[in-house]
Amino acid sequence: MTDNSNPPGKPVRGAGLEEARLRQQAIGVKLRHMFDEVVNEPVPDEFLDILRRADERSSGGEGA
């Protein structure tokens, strides 16, 4: 079901504005939740190994 009560170019007012704000807030909450999940995922050992080797090379240490 599509709401055509606010055609493109026409400002949103009243209840429509409140609905738009609620949608934005819901989207923000979901995006923050998704971001938090990604940030809290463990880093794969293979990637940590690559980072360690790159660090050794940049600091002049021995690398493979």
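I started at D49, which comes out partly exposed at 35% relative accessibility. For the record, buried is under 20% relative accessible area, exposed is over 50%, and partly exposed is in between (1.4 Å probe, protein chains only). This is a predicted model, where I take local features at pLDDT of at least 70 and side-chain atom pairs at pLDDT 80 or more, while totals for chains, interfaces and linings use all residues. Numbering runs from 1 along each chain as its sequence is written, and side-chain values use heavy atoms, without hydrogens and water.

**Salt bridges**

Next I looked up the partner of D49: R53 forms a salt bridge with it, with the closest N and O atoms 3.3 Å apart. My cut-off is a side-chain nitrogen of Lys or Arg within 4 Å of a carboxyl oxygen of Asp or Glu. R53 is partly exposed too, with a relative accessible area of 32%. D49 and R53 are 4 residues apart in helix α2 (residues 45-58), so about one helical turn separates them. I noted the general point that an α-helix has 3.6 residues a turn, so residues three or four places apart point the same way.

How many salt bridges does the whole structure hold? My search finds 2. R23 and E19 make a salt bridge at 2.4 Å, N to O. Both sit in helix α1 (residues 15-39), 4 residues apart. E19 is partly exposed, at 35% relative accessibility.

**Helices**

I count 2 helices and 0 strands; helices are DSSP runs of H or I of at least four residues, strands are E runs of at least two, and numbering goes from the N terminus. I checked the span of α2: its 14 residues reach 20 Å from first C-alpha to last, close to the 20 Å expected at 1.5 Å a residue. The expected span is 1.5 Å times one less than the number of residues. Just after α2, I found G60 with a positive phi of about 85°.

**Surface**

V43, F47, I50 and L51 make a nonpolar patch of about 350 Å². L51 lies in α2 and is partly exposed at 43% relative accessibility. Patch members need over 30% relative accessible area and no salt bridge, with like charges joined within 9 Å and nonpolar side chains (Val, Leu, Ile, Met, Phe, Trp, Tyr) within 5 Å.

Last, the totals: 2% of the 64 residues are buried. The accessible surface is about 6,200 Å², 57% of it from carbon and sulfur atoms; areas are Shrake-Rupley with a 1.4 Å probe, and for residues only the protein chains shown count as cover.
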